[in-house]
Amino acid sequence: MTALMALIVVLPGCQNYDQLVTLDEACNQKWGDYEAALQRRADLIPNLVATVKGSAKFEEETLTKVQEARSSATQIKLTADDLTDPAKVEAFNKAQDQLKGSLSRLMMVSENYPQLKASAQFQDLSKQIEGSENRLLRAREEYNKAVGNYNTELRKIRGTAVNKATGKPFKERQYFKASEE
């Protein structure tokens with residue numbers, strides 16, 4: 001009889017633990033999707049810079065800033081564990097915002113060069129950059145949704161109980177927040 005009582009108590013706890021593991025892994029998967037979108041954008045930038053350089057001899061400083069921002073953004077890496085550290089997430093977001101700002105300035109400066117705007121290669125790259133930014137926005141939204149589900153479950157009574165019983169292996173994750181710009 002005591003074995004049956006123990007089983008009645010343990011099984012729901014296991015299910016609750018499994019739920020936290022599932023939600024944690026969903027956050028990891030959404031973070032991986034976001035990293036893939038970041039990589040796509042980073043991969044497009046050298047092509048964009050080369051196209052702009054070849055089509056217009058202008059604003060070397062703007063191009064240099066784009067390249068520097070890309071370098072800075074790709075150097076800051078976050079692991080799934082880092083997503084529980086607000087300072088690391090903020091540093092990562094700041095570097096990504098600088099890159100996005102540099103790309104925006106490059107696109108604005110290119111407006112002054114009709115031969116560049118008319119270039120099929122530039123138009124294609126511009127569309128790809130825009131598509132990448134849309135993918136990044138979507139990936140951030142999906143990640144935030146997964147974090148919301150995970151953090152909610154973690155903060156519920158059963159999540160708190162499981163976390164306490166297992167030595168607190170689950171930590172709240174940080175959301176992406178809108179940049180100050």
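# Exercises on ring pairs and burial

Q19 is found in helix 1, where helices are DSSP runs of H or I with at least four residues, numbered from the N terminus. The model is predicted, so local features need pLDDT of at least 70 and side-chain atom pairs count only at pLDDT 80 or more, while totals for chains, interfaces and linings use all residues. Residues are numbered from 1 along each chain as its sequence is written, and side-chain values use heavy atoms, with hydrogens and water left out.

**Exercise 1.** Determine whether Q19 is buried, partly exposed or exposed, and state how far its C-alpha atom is from that of E153.

*Solution.* Step one is the accessibility class: buried means under 20% relative accessible area, exposed over 50%, and partly exposed in between, with a 1.4 Å probe and protein chains only. At 33% relative accessibility, Q19 therefore counts as partly exposed. Step two is the distance: the C-alpha atoms of Q19 and E153 are separated by 8.1 Å, although these residues are 134 residues apart along the chain.

**Exercise 2.** Classify the ring pair of W31 and F176, and then the ring pair of Y143 and F176.

*Solution.* Step one is the rule: rings of Phe, Tyr and Trp (its six-membered ring) pair if their centres lie within 6.5 Å, and planes under 30 degrees apart count as stacked, over 60 as edge-to-face and the rest as tilted. By this rule the count comes to eight aromatic pairs. Step two takes W31 and F176, whose ring centres are 5.8 Å apart with planes at 15°, so the pair is stacked. Because W31 lies in helix 1 (residues 2-55) and F176 in the segment after helix 6 (157-165), this pair ties together parts that are 145 residues apart in sequence. Step three takes Y143 and F176, whose ring centres are 5.5 Å apart with planes at 70°, so the pair is edge-to-face. Since Y143 lies in helix 5 (residues 120-155), this second pair with F176 ties together parts that are 33 residues apart in sequence. Ring pairs link W31, Y34, F92, Y143 and F176 into a cluster.

**Exercise 3.** Describe the surroundings of Q174, leaving aside its neighbours within four places in sequence.

*Solution.* Step one places Q174 in the segment after helix 6, where Q174 is buried with a relative accessible area of 18%. Step two lists the contacts (heavy atoms within 4.5 Å): Q174 touches L83, T84, D85, P86, V89, Y143 and V147.

Conventions
Helix = DSSP H or I, 4+ residues; strand = E, 2+ residues; numbered from the N terminus.
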